[in-house]
Amino acid sequence: MTTKIDVFKHIKYDTNYFVSKRTLYPYIVQIGTGGNGTYILQQLAQMLASFNLPHSYIACDPDICEAKNLRNQLFIEADVGKKKADVLARRYSAHYKLNIASYSNQFVENMETLKNLFSNTDHTPVGYNDIVHLPILIGAVDNNYSRRIMHEYFKQADNLLYLDCGIEGVSLVDNASSEEELEKSRNSGYTGQVVAGLKLNGKTLLEPVASVFPDILDDQDEIAPSELSCSTVVASEPQRVITNRFAAMALCSFLNELFETHSITKHQVLFHAKKSYMRAKPIPSE
């Protein structure tokens, strides 16, 4: 039997409306608009428009679009030289008529910045009986420094759905000495996972990614994103377009279920883009 977490039944309310009359208000902060993030933003924007939900959506990334990004991210030549988050927020908010903003001043590298991104709580859309605000943090980053910041925010939050997306980079082989090494490189870069951390009314219902993979918290000397060249990371472990797309689909599957049923039935999704499969890990029974 599948364990289901009904978000509406776990969040406290000050009003007496029936659950069926309540409306979910996702307050989304997405960190990262690169290889995974571009596809997440496009899919999620289309999903928000389809469900016609009141919402807030902030895309965060100070990175600038470069010509090389046109090969594997959702940008066009006219976007080169502009900040990725600004471009995507303008494009998809206009196309789908949504409330998507961008934060591109700097990387989110401390708790204060992350708290400020979630600080605008004055949401009173007209025409709804009872709004249920749910903060949603999306991690689409390629470093554990940022994940540790998001993990700390999760620990301090009262209500938060934290979705982290991670993929395997391609293992580059220079001067391969055997066919076996070449084959290993060809088969790399296809796997990944999405982990959902969920906290409601101060109680952790699903453990976040850094609790599932504790090694994320180990390297306390890792360089901050602002001090690390993105081109260096991409050159050492490039990402496959098909894997980025699988990652976005896996992450958005959590939100599709949440928007439709106000519930979550899985803790993780593991995927292999080359073998074309996804496998959900259900919520453990209590």
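Guide: A residue counts as buried when its relative accessible area is under 20%, and that cut-off is what we will apply to this predicted model.

Visitor: Is glycine 197 buried or exposed by that reading?

Guide: Glycine 197 counts as buried because its relative accessibility is 0%. The residue lies in strand E7, which covers residues 191-200, and, leaving out residues up to four places away in sequence, glycine 197 touches Phe154, Leu160, Leu161, Tyr162, Leu206, Glu207 and Pro208. Its C-alpha atom is separated by 9.1 Å from that of serine 211, which is 14 residues away along the chain.

Visitor: What does histidine 267 touch, leaving aside its neighbours within four places in sequence?

Guide: Histidine 267, placed in strand E10 (residues 266-272), is in contact with Val194, Val195, Ala196, Leu206, Glu207, Val212, Phe254, Lys281, Pro282 and Ile283. With a relative accessibility of 11%, histidine 267 therefore also counts as buried.

Visitor: How should I read the packing of two helices, and at what angle do H2 and H3 pack?

Guide: Two packed helices are described by the angle between their axes and by the distance between those axes. Here helix H2 (residues 35-51) and helix H3 (residues 84-96) pack at about 20°, with their axes 10 Å apart. Angles under 35 degrees count as roughly parallel, so H2 is roughly parallel to H3, and the crossing in which H2 passes H3 is right-handed.

Visitor: Which residues in H2 and H3 meet?

Guide: From H2, Thr38, Leu41, Gln42, Ala45, Gln46 and Ala49 meet Leu88, Tyr92 and Tyr96 of H3. Sorted by class, this contact of H2 with H3 holds six nonpolar and three polar residues, and no charged ones.

Definitions and conventions
Residues numbered from 1 in each chain as written. Predicted model: local features only at pLDDT ≥ 70, side-chain atom pairs only at ≥ 80, totals over all residues. Heavy atoms only, no water. Axes fitted to C-alpha atoms, helices over the stretch in contact; angles between N-to-C directions. Helix = DSSP H or I, 4+ residues; strand = E, 2+ residues; numbered from the N terminus. Parallel < 35°, antiparallel > 145°, perpendicular 65-115°, else oblique. Left-handed = near helix turned anticlockwise from the far one by under 90°. Contact = heavy atoms within 4.5 Å. Nonpolar A, V, L, I, M, F, W, Y, C, P; charged D, E, K, R; others polar. Buried < 20%, exposed > 50% of the residue type's maximum accessible area, 1.4 Å probe, protein only.
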